[in-house]
Amino acid sequence: MRTTHGQRNSSNNTNVWKWILAIAMIIGVFFVGRFFTGESGEKTGMFLTVTPNKGSSVYIKNTESKKQLIKTTEKLYTTDYSVFVATGSANIAGDVISVDIDKATELRFTGSGKDDQWITLLSGHGWVESRGNTTIKMKNITASLAPGDVVVIDQTTQLYSKIYAIHGDIFIKSGEKTYTLPVGKWIMIVQSDTIDPEKTLESLSEDIGNNLDQMGIF
């Protein structure tokens with residue numbers, strides 16, 4: 001009887017350990033799969049919504065090289081690398097900002113405090129409407145928008161940055177220089193302008209005129 005009882009316990013223990021091992025392997029495969037696919041659960045934190053327009057190819061980049069095609073409205077988090085429009089156009093929106101961007105435009109949401117939002121234009125151009133305090137960064141310009149301000153931003157090349165004041169006077173900074181760009185004016189700044197002591201930002205501004213006509217999104 002002792003031998004039979006011992007064999008039964010040994011068999012039961014073996015089965016238990018088999019189940020434990022099987023469950024551990026399943027859990028291991030699950031987490032390894034998530035690691036290699038980049039899926040780490042639901043994202044949290046600050047975000048803007050990205051809505052592709054019909055027939056557009058719009059991507060949210062998790063990293064500089066890894067991107068995901070989106071077909072419907074998706075969230076762009078501060079932890080994402082950027083949103084990129086390959087073809088067509090898209091709208092990016094939040095509580096205090098709305099941005100329309102089109103082909104070959106890449107934009108990053110860097111976030112900020114509760115009542116203002118920061119975006120960085122990496123390439124291309126966009127139409128920005130501010131409903132709160134918004135800071136926009138480009139290579140050679142940082143612009144501070146107040147509620148009701150409307151601007152067009154342009155970083156189609158890495159040589160220069162442009163901003164057009166459509167509604168409201170826009171406070172801008174370039175290097176150590178500052179200037180309030182009046183409504184109806186635009187400015188183009190290259191990197192050398194930021195360090196040239198003889199050049200003021202005001203001297204670089206001009207009337208908008210017909211300068212926006214070549215931008216198809218507008």
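Analyst: A polar contact is a pair of N or O atoms within 3.5 Å; within protein, one atom must be able to donate a hydrogen and the other to accept it. The model discussed here is predicted.

User: What makes the pair of Ser56 and Ser89 a polar contact?

Analyst: A polar atom of the Ser56 side chain lies 2.9 Å from the backbone nitrogen of Ser89. The limit is 3.5 Å, so the pair counts as a polar contact. The Ser56 side chain also reaches the backbone oxygen of Asn53, at 2.9 Å.

User: Where does Ser56 lie, and why is Ser56 called buried?

Analyst: Ser56 belongs to the loop between β1 (47–52) and β2 (57–61). Its relative accessibility is 10%. Buried means under 20%, so Ser56 is classed as buried. Leaving aside neighbours within four places in sequence, Ser56 is in contact with Thr87, Gly88 and Ser89.

User: Why is Asp169 called partly exposed?

Analyst: Asp169 has a relative accessible area of 48%. Exposed requires over 50% and buried requires under 20%, so Asp169 is partly exposed. Asp169 sits in the loop between β13 (160–167) and β14 (170–174).

User: Which residues are in contact with Asp169, leaving aside its neighbours within four places in sequence?

Analyst: They are Asp149, Thr180, Leu181, Pro182 and Val183. With Val183 there is a pair that meets the polar limit: a polar atom of the Asp169 side chain is 2.9 Å from the backbone nitrogen of Val183. From Val150, Asp169 is 19 residues away in sequence and 9.2 Å away in space, C-alpha to C-alpha.

User: What makes the phi of Ala104 worth a remark?

Analyst: Phi of Ala104 is near 65 degrees, a positive value in a residue other than glycine. Most residues other than glycine have a negative phi.

User: Where does Ala104 lie, and why does Ala104 count as partly exposed?

Analyst: Ala104 is part of the loop between β7 (97–102) and β8 (105–109). Its relative accessibility of 42% falls between the limits of 20% and 50%, so Ala104 counts as partly exposed.

Definitions and conventions
Residues numbered from 1 in each chain as written. Predicted model: local features only at pLDDT ≥ 70, side-chain atom pairs only at ≥ 80, totals over all residues. Heavy atoms only, no water. Helix = DSSP H or I, 4+ residues; strand = E, 2+ residues; numbered from the N terminus. Buried < 20%, exposed > 50% of the residue type's maximum accessible area, 1.4 Å probe, protein only. Contact = heavy atoms within 4.5 Å.
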